[in-house]
Amino acid sequence: MRNLKRIVAGASALALAGTLGACSAGDGVPTLTWYINPDDGGQAEIAASCTEAADGAYRIETSLLPRDAASQREQLARRLAASDRSLDIMSLDPPFIPELAEPGFLAPVPDDLRNTDGVVQGAVQSASWNDELVTVPFWANTQLLWYRKSVAEAAGLDMTQPVTWDQIIQVAEEQDKKLGVQGALAESLTVWINALVASAGGKILEDPDAKPDEMQLGLDTDAGRAAADIIGRIGSSGLGGSGLPTADENASMNLFQGEEGSFMVNWPFVYPAMQGAAPEVVDDLGWAVYPRVDAGTPAAPPVGGINLGVGAYSAHTDLAWQAVACIVSPENQAQYFVTNGNPPSNAAAYDDPQVQEKFPMADTIKESLDLGAPRPQTPYYNEISIGLQRTWHPPNAVNPDTTPQDSTDFILAVLRGERLL
Amino acid sequence: MRAMTWPQRITWIVIIAVVLVWSLFPVFSIAMTSFKTPAGLFSGTLLPEEWTLDNYATILAPGGSAQDLFLPALRNSIGISLIATFIAVVLATLCAYAIARLDFPGKRIILTTALAVSVFPIVSIVTPLFNLWRVVGLYDTWLGLIIPYLSLTLPISIWTLAAFFRQIPWELEQAAQVDGATPFEAFRKTVVPLAAPGVFTTAIIAFFIAWNDFVYGISLTSTDAARPVPAALSFFTGASQFEEPTGAISAAAIVVTIPIVIVVVIFQRRIVSGLTQGAVKG
Amino acid sequence: MTTVENTPVKRKRRSDRARAEARLGWMLAGPAFGIMLLVTLYPIVQALWDSLFSLRLTAPDDREFIWFRNYQVILGDPAFWQSMGVTLFITVITVLLELIIGFGFALVMHRAIKKLRGFARTAILVPYGIITVVSAFAFFYAFDINSGGYVNNWLAWIPGFDENLNWFASQGTSLTVIILSEVWKTTPFISLLLLSGLAQVPGDLEEAAKVDGATAWEVLRRVILPNMKAAIMVAVLFRTLEAFRIFDNIFIMTAGANDTEALSLLAYNTSIGRLEIGLGSAISVLLFLSVLIIAGIFIKGFKVDLSAGRNG
């Protein structure tokens, strides 16, 4: 009994000593902490190579944020609001940038990084707030329409022409296949809704600069109703599979890889993933720009990605911006695309022969990014997104006659502080 | 010493079998998931069609992609839980001794406070504590978790130990003194051996509680400097930020569960006696 | 005459000793008491204060003192009452299930023959040591069709059972899995509380009843249960208070989707998710008050006496 107690006491003393040990390098080189979203190791590699390139001016260390964007925002917002000095570089998901920029949590972008020539349009938009660049585009993500060539051929659908949602819904019904879409109660649903509304020529948020109690939403419009119609049809017809109400990007990919796969809207990460998990599907794989809602109007594909910001309370803002300049160099972006499957925001990187070889759809991605429409940019994005998720879920309950109006009422009430979310 | 009839024996075996299945099945289930390949996950069967140790390699072997997520988290959990348990048991022992042995005003208040603290919703405490820890510099540190963990473990430790100490016949100590021992010797020779099992059991119970925490872990930490295992499970990644790492999470779950199961198996008699004497005493 | 002279001296000596004892008592118990108070008192007072403001963490300049308007909004919002309803539902069902199963386990632990007793106790105790998050993942992966769940395949032989049932797509089925995980994880504790009560039922009362010809069922109903009333009430009280604060299982399995958002999760989502500190603090305070009310009902209403036999 006593021996055990002694062991426990000893172990805890050791552990306590461990906590008191300082973790600074002690060699005088400032350490910049880069808070990254989880990926396949690419950002850590870039951190290492930029540390080398810095030649002793600074050292970049990565620190992992949670897996989903909403949790990343939670972490960063709390710490920035508490004036955390250790937030040097942050990988930020675009929709949450206005919320951090508005209260001045982000350090201003220096002039030499403000030049956005050669950066795809979608990425520039997502990195700005109040007509000002507040973050630096790193990589830009977009969803493509992936399809099984065999299914498209069997249906006689000409994929060299832009296709519409109606068309792919029809083909899936005729061929008794399933569509890979993300109907889960998550950010992916907002991505889908936004893409549909924007493709139909509308906007979810009419006036991003308004105060929360004066905001106007553009859901109760023809565009909103067209979007609700598509989601409702896919949901109630079962075309999304029985897992649709909880299907995230990964689940859609699995459905697409299966026997009932036909069409899927998803981010380019699926290409290297499928090459690894289902090479026979890759032989039958085609890709195109996001489907249109209206045959005559170009689609507005979803835009995502990561932009880099520097914390306003960081102890090394100048060094941090230098590091950012290194991280977003076209060479690093191309390398990141090839290794991690996350497309560059810099147009020049697409011409890199390695990129073209590994990702034959690189040009489609670039085209898609230029067409893309970002999600509503407002400091209250979280409320709008979750409000949309609450009211447009599950997909089989979405009704063009009621859902746009109901969700508008709910979201505005939440923004006015009259309802809980 | 009545011999059991066969029907009785069979009934008991059946009952025990049912209990075993009920209690161990979920652990078995997630263990099986941890041995499945990423493709094999969708076989829809309990047992893996193809067995693999890849998931364990991912989290444990050097070079595994989740290794630098899991091992630091494991270290954090073990260290923080042990320290919190140690401090809680020491403080609770002193407190429970006072309650059981001495008569002083406010005993009731202490016990009631312990009870009130134990039913406190953690969610209510987290944000103010986060702000305070940021200002004081305890955010994302071991100490920043150890202190809230004390509030989790102290109440039940005090109640359990108080119940244990009440059962100790204090007259033994007086008898030893009468026999010529100094007060300290008397204490050491009579009270300590009787109290030790109770203290040990309380330590186990307190450790389980600290080990189990989730809300503090996700709210008061941000890097692997202090993040414990349950919180780290929400960070596990697959090959991309979109893939759900079912295999890795299952493997991690098993790694943190097996030692606990071993502790339960070895010390089940103590835990049972500790919890049954600690809660309701006639 | 001597008594009159001695009494004041005796009294003084007694109060000296009493004072010394009190001082020692508070010295020993003080640190524990102090820490418990610090970690809970400060935050709840801060939460009370914050709940009187309209405060959003990412808009610190818009902070506004609004008296009790947060409470007005919350108490008038169907989302809050829906959440309260879900929480009460989960609480009642889990406590009921655990009482029944836990009592069965207590009987097993009490009556098992020596050889099997160790087995039985170990098996029953295992869930007690499992981390709640681990239990949540275990049940989730077993039921979730998007993660390779196999339960649907097992239940497919039931007529009318849809093989493609998505357990986490609707409220009823999600709550079933959540309750299952919660019951599995916490039954050991309640079964131990019941075991201690069971162990205190005087054996001779049971014997006497059996001699009088009572069946096992009647012995249970007439002798065992009434004598366990105190233990049962304490067990119910503890479990109710704990079930009311359910968080981990729901967070992992559904994150509150499909109207499964319990009160703790609502508070977490509002203050840490939406960063609306004012509103979130108000929900936290209401949650705390609800817990106090429930405890009050049990202690005053059902006269649950926690210190039975603890006097002195």
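Biologist: What pLDDT does chain C average?
Modeller: Chain C averages 84, and 93% of its residues score at least 70. Keep in mind that this is a predicted model.

Biologist: Where in chain C does pLDDT stay under 50?
Modeller: Two stretches. Residues 1-5 of chain C stay under 50, and the model has 0 contacts beyond four places in sequence for them. Residues 308-312 of chain C also stay under 50, but there the model has 10 such contacts.

Biologist: Which elements of chain A have the lowest and the highest mean pLDDT?
Modeller: Helix H1 of chain A, residues 2-20, is lowest with a mean of 46. Strand S3 of chain A, residues 89-92, is highest at 94. Also, pLDDT stays under 50 over residues 6-25 of chain A. For that stretch the model has 10 contacts beyond four places in sequence.

Biologist: What ipTM does the predictor give the complex?
Modeller: The ipTM is 0.86, and the pTM is 0.84.

Biologist: Let's switch to chains B and C. How many residues are in contact?
Modeller: 96 residues of chain B are in contact with 89 residues of chain C.

Biologist: How much area do chain B and chain C bury between them?
Modeller: About 8400 Å², and 76% of it is on carbon and sulfur atoms.

Biologist: Which elements of chain B give two or more residues to that side?
Modeller: Eight entries, helices throughout: H1, H3, H4, H5, H6, H8, H9 and H11 of chain B. H11(B) gives the largest share, 18 residues.

Biologist: How do the chain B residues touching chain C divide by type?
Modeller: 67 nonpolar, 21 polar and 8 charged.

Biologist: How many salt bridges does the rule find across the interface of chain B and chain C?
Modeller: 0 salt bridges. For polar contacts, the rule finds 10 residue pairs across that interface, both residues at pLDDT 80 or more.

Biologist: New topic. Where does UniProt place "transmembrane region" in chain B?
Modeller: The unreviewed entry places the feature at residues 12-32, 78-100, 109-130, 142-165, 191-211 and 248-267 of chain B.

Biologist: What does the model show over residues 191-211 of chain B?
Modeller: 100% helix and 0% strand, with the end C-alpha atoms 30 Å apart. Residues 248-267 of chain B are also 100% helix, and their end C-alpha atoms are 29 Å apart.

How values were computed: Residues are numbered from 1 along each chain as its sequence is written. Chains are lettered from A and ligands numbered from 1 in the order in which they are written. This is a predicted model: local features need pLDDT of at least 70, side-chain atom pairs count only at pLDDT 80 or more; totals for chains, interfaces and linings use all residues. Side-chain values use heavy atoms; hydrogens and water are left out. pLDDT is the predictor's confidence in each residue, from 0 to 100. Helices (H or I, at least four residues) and strands (E, at least two) are DSSP runs, numbered from the N terminus. Contact means heavy atoms within 4.5 Å. Buried area is the accessible area (1.4 Å probe) that two parts lose on being put together, summed over both. A salt bridge is a side-chain nitrogen of Lys or Arg within 4 Å of a carboxyl oxygen of Asp or Glu. A polar contact is a pair of N or O atoms within 3.5 Å; within protein, one must be able to donate a hydrogen and the other to accept it, and residues adjacent in sequence count only if both atoms are side-chain atoms. Ala, Val, Leu, Ile, Met, Phe, Trp, Tyr, Cys and Pro count as nonpolar, Asp, Glu, Lys and Arg as charged, and the others, Gly among them, as polar. UniProt positions are given in the numbering used here, feature names are shortened, and annotations may be inferred rather than shown by experiment.
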